[in-house]
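Please keep the structure open beside the text and look up each residue as it comes.

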Amino acid sequence: MTLSIYQAQQNELVIKKSRFICHLLPITSEDDAKLQLTQLKQQTPQATHHCFAYIDKHTVHMSDDGEPSGTAGRPILSVLQSKQLTNVLAVVIRYFGGIKLGTGGLSRAYRQSVTDTLQKATLATLQAQQELNTTVNYSQWQALQHFLPVTMIKKVTYDINVKVTLLCEPQQIITYQRQINNLLHTQLTFQTGPISQVLIPLKNGLMK
C-alpha cells in the first residue's frame, strides 16, 4: 500500500522566538515538488530558510537551505520515511528569532515541526482508479448522490441531464455498473475512461 497525505496541511511551531512553519503537500512528481517549492519561496521571500524534503516513487531529495549541514533536510526526511510516506513534499519555513538553537536544537525543531504537522494531516493511499462515465436525469442523480462516496465523484456536468464521471477500482467497474442500475431500476449506458493513480483518503485517516 502506497501511503501519502490527502491534502495540504500547515502548522506553526515557535521555539526561542524562531518561527518554524511547516507545509505538507501531496505531489505527483519531482517537477510538481519543485513547482510547489518555488511557489512557497515566492510567497515568503522574507523567510530566513526554506528547508525541505520530498519523496516520490523515483526520487528522494532534501535541502538544509543554509542551515548547518544535516540539521534540517535530514530530520525532515527522516520523519517522512519513518511514516513510510511517498508522493509528499515537506517544507519548513524558518523565520530566525535572534537566538541560536545549536545543531541539536535545530534538528529537534525541524523534526518536531514536521511531526506536529503530520498529526493534523489526513492520510491517503495512492490507488489505481478508472473513469466510469454515464448520463442520468435529475431525480436519478439525487438518488446516486446518496449512494456514492464523495471520493468516487470526479466530475459532474449539469445540462438537460446530468453527465457524471466516477472513479472506480478497475476490478470493480462491472460491480458498480450493476449496483447503480439496480439502485435506479434502469439500464444506463456506461463508458469507461483512462486509469490513473488517485489519492483516496483513509477512514479515520489522521496520523497516529
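**Notes on the predicted model**

1. The largest pocket has a volume of about 150 Å³, and it should be read with the reminder that this is a predicted model. The residues that line the largest pocket are Gln 127, Gln 129, Pro 149, Thr 151, Met 152, Leu 167, Cys 168, Glu 169, Gln 172, Tyr 176 and Ile 200. Sorted by class, this lining consists of six nonpolar, four polar and one charged residues. Two strands, strand 7 (122-136) and strand 9 (162-168), each contribute at least two residues to the lining of the largest pocket.

2. Which residues touch the most other members of the largest nonpolar core? Among the 26 residues of that core, they are Leu 24, Ile 76, Leu 80, Tyr 110 and Val 114. At least two residues of this core come from each of strand 1 (3-5), strand 3 (18-26), strand 4 (49-55), helix 2, strand 6 (88-95) and helix 3 (102-120). Helix 3 gives the most to this core, namely five residues. Another core, of 15 residues, lies apart from the largest one, and its members include Leu 132, Leu 148, Cys 168 and Phe 190.

3. Ile 76 deserves a separate look, as one of the residues with the most contacts to other members of the largest nonpolar core. When its neighbours within four places in sequence are left aside, Ile 76 is in contact with Cys 51, Phe 52, Ala 53, Ala 90, Val 92, Tyr 110 and Val 114.

4. Thr 71 sits in the loop between strand 5 (60-63) and helix 2 (73-82). Is Thr 71 buried or exposed? Thr 71 counts as buried because its relative accessibility is 3%, and the cut-off for buried is under 20%. A polar atom of the Thr 71 side chain lies 2.6 Å from the backbone oxygen of Pro 68. Not counting residues up to four places away in sequence, Thr 71 touches Asp 64, Thr 103, Leu 106, Ser 107 and Tyr 110.

5. Thr 134, which is part of strand 7, counts as buried because its relative accessibility is 4%. A polar atom of the Thr 134 side chain lies 2.9 Å from the backbone oxygen of Thr 189. Leaving aside neighbours within four places in sequence, Thr 134 is in contact with Val 162, Lys 163, Val 164, Leu 188, Thr 189 and Phe 190. Thr 134 and Gln 177 are 43 residues apart along the chain, while their C-alpha atoms are separated by 9.7 Å.

6. Lys 16 counts as exposed because its relative accessibility is 52%, and the cut-off for exposed is over 50%. Lys 17 is exposed as well, with a relative accessible area of 63%.

Key:
Residues are numbered from 1 along each chain as its sequence is written. This is a predicted model: local features need pLDDT of at least 70, side-chain atom pairs count only at pLDDT 80 or more; totals for chains, interfaces and linings use all residues. Side-chain values use heavy atoms; hydrogens and water are left out. On a 1 Å grid over the protein atoms alone, a cavity is a set of points where a 1.4 Å probe fits but cannot get out, and a pocket is an open set with protein on both sides within 12 Å along at least five of seven lines; lining residues have an atom within 4 Å of a point. Grid points are joined across faces, edges and corners, and a volume is the space filled by probe spheres set on the points. Helices (H or I, at least four residues) and strands (E, at least two) are DSSP runs, numbered from the N terminus. Ala, Val, Leu, Ile, Met, Phe, Trp, Tyr, Cys and Pro count as nonpolar, Asp, Glu, Lys and Arg as charged, and the others, Gly among them, as polar. Buried means under 20% relative accessible area, exposed over 50%, partly exposed in between (1.4 Å probe, protein chains only). A polar contact is a pair of N or O atoms within 3.5 Å; within protein, one must be able to donate a hydrogen and the other to accept it, and residues adjacent in sequence count only if both atoms are side-chain atoms. Contact means heavy atoms within 4.5 Å. A nonpolar core is a set of buried Ala, Val, Leu, Ile, Met, Phe, Trp, Tyr and Cys residues joined through side-chain atoms within 4.5 Å.
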